[in-house]
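Hi everyone, thanks for making time. I'd like to walk you through the pockets of one model and a few of the residues around them.

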Amino acid sequence: MVTLRPMVEADIPAAVALWQVVEGMCLRGADSPPALARYLRRNPGCSFVAVTATGELAGACLAGHDGRRGYLHHLAVSPALRKQGTGRRLVEHCLAALKNEGMDKVNFWVTAGNADGMAFWNRVGGRERTDLVVVSIALTDDPNA
């Protein structure tokens with residue numbers, strides 16, 4: 001059994017450690033602890049973690065908005081605790097927080113070829129958009145920006 005609560009800055013090291021070992025996850029330079037702390041401060045109460053009875057972080061979902069659209073990033077649940085509804089609960093909490101912030105739509109990205117990830121998102125109501133292509137412009141020389 002896990003308990004869900006809003007993510008706080010102290011959760012960042014454990015969340016990053018989880019995200020680093022989950023298949024299909026793609027961390028970038030923008031996922032540094034200072035950048036994640038900035039994101040949490042800018043979007044308080046939108047991101048959530050799942051914590052075991054012993055205090056171990058078992059899941060995390062980073063969420064926020066830009067004032068017009070909501071965004072989910074880096075949903076992950078510890079492999080040993082999957083298929084118990086934790087991922088769905090994390091998403092539901094994030095979506096409720098974003099709706100409370102006035103967001104009518106939430107976008108997220110799934111790494112190409114991540115069939116398990118797409119299957120999960122389809123189960124929770126996500127729908128793939130084939131009418132868009134992601135385009136990025138790096139504002140740094142860092143190839144991992």
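So, α4 is the top contributor to the lining of the second largest pocket, giving four residues. Helices like this one are DSSP runs of H or I with at least four residues, strands are runs of E with at least two, and both are numbered from the N terminus. Quick word on the source: this is a predicted model, where local features need pLDDT of at least 70 and side-chain atom pairs count only at pLDDT 80 or more, while totals for chains, interfaces and linings use all residues. Residues are numbered from 1 along each chain as its sequence is written, and side-chain values use heavy atoms, with hydrogens and water left out.

Now, what do I mean by a pocket? On a 1 Å grid over the protein atoms alone, it's an open set of points where a 1.4 Å probe fits, with protein on both sides within 12 Å along at least five of seven lines, and lining residues have an atom within 4 Å of a point.

Back to that second pocket. Its lining has 29 residues, and nearest the centre you'll find N107, F108, W109, R127 and R129. Besides α4, two or more residues come from each of β4, α3 and β5 (106–108).

And the largest pocket? That one has about 1,600 Å³ of space, the volume being what probe spheres set on the grid points fill, with points joined across faces, edges and corners. It is lined by 50 residues, and M25, H73, H74, L75 and W109 are the closest to its centre. Here β4 gives the largest share, seven residues.

Let's stop at H74, which sits in strand β4. Is H74 buried or exposed? It's buried, at 15% relative accessible area; buried means under 20%, exposed over 50%, partly exposed in between, using a 1.4 Å probe and protein chains only. The H74 side chain also makes a 2.9 Å polar contact with the side chain of D31. By polar contact I mean N or O atoms within 3.5 Å, where within protein one must be able to donate a hydrogen and the other to accept it, and residues adjacent in sequence count only if both atoms are side-chain atoms.

Last stop, the aromatics: F108, F120 and W121 are linked into a cluster by ring pairs. Rings of Phe, Tyr and Trp (its six-membered ring) pair if their centres lie within 6.5 Å; planes under 30 degrees apart are stacked, over 60 edge-to-face, the rest tilted. F120 and W121 are edge-to-face, because their centres are 5.2 Å apart and their planes at 75 degrees. F120 is buried at 16%, and W121 is buried at 10%.
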